[in-house]
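Visitor: Hi, could you walk me through this one slowly?
Guide: Gladly, please have a look at it here.

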Amino acid sequence: MGKKELQVAAIENGTVIDHIPANRTYQVVKLLNLHALDVQVTIGYNLPSSKIGKKGIIKISNKFFTDEEISKLSVVAPKIILNMIKDYEVVEKKEVITPDELHGIVKCNNPKCITNNEPMQTFFTVIDKNAGILKCHYCDMEQDIDQVELV
């Protein structure tokens, strides 16, 4: 069997973010501030996936992300895979892992929380990675990672 045609063009160097749940693709774009980059960014949306039905894929030329940037992705798409590309070859694959703490990434759902009333960064402890349960450091409110709003 011959090679299948690529649905999104290959990149020479950079990062490919794969297996994004289709409905989270543009949240990943926003979270990583990709619209502000001065490099080629290719976004594939609603592509077929045997693992998750429909997926998103983002290819960013000449950009490699820090661990901090990658940990932010776990909030919107915890099962994504990052492929680091050099000379059109995958040189490293990273699965996004939810960190133990989230700083300044999501808003607290408690309207009375100090972070919603004072100019300060949010801070959550991830108390259950499998269930996706976060706990606000300031007001102790627990919230589901699927129900959070990005800062």
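Guide: We can start with the overall layout and then turn to the cysteines and the surface.
Guide: This is a predicted model, in which local features need pLDDT of at least 70 and side-chain atom pairs count only at pLDDT 80 or more, while totals for chains, interfaces and linings use all residues. Residues are numbered from 1 along each chain as its sequence is written, and side-chain values use heavy atoms, with hydrogens and water left out.

Visitor: What helices and strands does the chain have?
Guide: The chain has two helices and nine strands, counted as DSSP runs (H or I of at least four residues for helices, E of at least two for strands) and numbered from the N terminus. Their order from the N terminus is β-α-β-β-α-β-β-β-β-β-β.

Visitor: How many disulfides are there?
Guide: The count is zero, where a disulfide is a pair of cysteine sulfur atoms within 2.5 Å.

Visitor: New topic: where is Tyr26?
Guide: Tyr26 lies in helix H1, residues 25-31, and is partly exposed at 47% relative accessibility.

Terms used:
Buried means under 20% relative accessible area, exposed over 50%, partly exposed in between (1.4 Å probe, protein chains only).
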